[in-house]
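Student: I have a protein model open on my screen and would like to understand the words used to describe it. Could we go through them together?

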Amino acid sequence: MDTQVTFGIIAGCVALAAVLVLLSLHILRREPKDLRECWKNGEILLLTFEQIMALYNAAPEKWDMQVDGPTYYPHGKDLDGLLVFMLPKERKRYRQWFDWRLSHGEDAGRFQMTAKALLSMQGDLEGHLQKLEAANQKALQESAEAVQRILEKQQQEGGRGNRRI
């Protein structure tokens with residue numbers, strides 16, 4: 001093959017790859033249409049992690065910080081709140097902050113019930129596991145006994161068959 005043809009093919013592939021990368025970046029940057037409409041209607045907030053932290057630090061009583069994401073209550077927690085939407089990169093940063101906050105004992109009282117509930121569920125699961133293990137042992141024992149009975153029956157029948165011949 002001629003070198004000019006080879007370079008032409010390589011240049012075409014590189015150009016195609018560049019176009020695909022630019023298109024994917026453009027698509028990823030755009031917000032979904034329905035989110036934009038909800039945002040315009042005031043149903044959700046599209047915020048960055050820094051904006052959330054600035055607003056939270058200014059008025060923490062207006063925020064409900066949960067693992068999935070924060071909810072903002074501009075008129076108090078008695079009224080409807082606004083769902084806060086974050087892009088995946090921002091959500092990752094929020095989750096890291098949330099995990100750090102939990103690991104350093106902040107809001108320990110708030111999540112104490114969750115820990116108690118998890119411990120209770122763990123105890124329930126251990127009880128169920130013990131029941132399952134006991135049922136499995138019983139089933140294994142019964143199947144071993146059944147196999148033993150079948151083998152004994154076959155031996156008895158085999159002994160009778162030899163006498164007939």
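Tutor: Gladly! Helices (H or I, at least four residues) and strands (E, at least two) are DSSP runs, numbered from the N terminus. By that rule the protein chain has five helices and four strands, and along the sequence they follow the pattern α-α-β-α-β-β-β-α-α. This is a predicted model, where local features need pLDDT of at least 70 and side-chain atom pairs count only at pLDDT 80 or more, while totals for chains, interfaces and linings use all residues. Residues are numbered from 1 along each chain as its sequence is written, and side-chain values use heavy atoms, with hydrogens and water left out.

Student: Why is Thr71 called buried?

Tutor: Buried means under 20% relative accessible area, exposed over 50%, and partly exposed in between (1.4 Å probe, protein chains only). Thr71 has a relative accessible area of 18%, so Thr71 counts as buried. Its place is in strand β3. Of the 165 residues of the protein chain, 15% count as buried.

Student: What is Thr71 in contact with, leaving aside its neighbours within four places in sequence?

Tutor: Contact means heavy atoms within 4.5 Å. Thr71 is in contact with Lys62, Trp63, Asp64, Gly81 and Leu82.

Student: What makes a set of residues a nonpolar core, and which elements give two or more residues to the largest one?

Tutor: A nonpolar core is a set of buried Ala, Val, Leu, Ile, Met, Phe, Trp, Tyr and Cys residues joined through side-chain atoms within 4.5 Å. The largest has 14 residues, and among those with the most contacts inside it are Ile52, Met53, Trp63 and Trp97. Two or more residues each come from α3 (49-58), β2 (63-65), β4 (82-85) and α4 (88-103). The largest share, four residues, comes from α3.

Student: How do you know that the buried residues of α3 are on the same side?

Tutor: In α3, Phe49, Ile52, Met53 and Tyr56 are buried. They cover an arc of only 95 degrees around the axis, which puts them on the same side of α3; the arc is that of the directions from the helix axis to the C-beta atoms. The buried residues of α3 pack against β2, β3 (70-72), β4 and α4.

Student: Why are α3 and α4 called oblique?

Tutor: Axes are lines fitted to C-alpha atoms, for helices over the stretch in contact, and angles run from 0 to 180 degrees between N-to-C directions. Angles under 35 degrees count as roughly parallel, over 145 as roughly antiparallel, 65 to 115 as roughly perpendicular and the rest as oblique. α3 and α4 pack at about 40 degrees, with their axes 9 Å apart, and are therefore oblique to each other.
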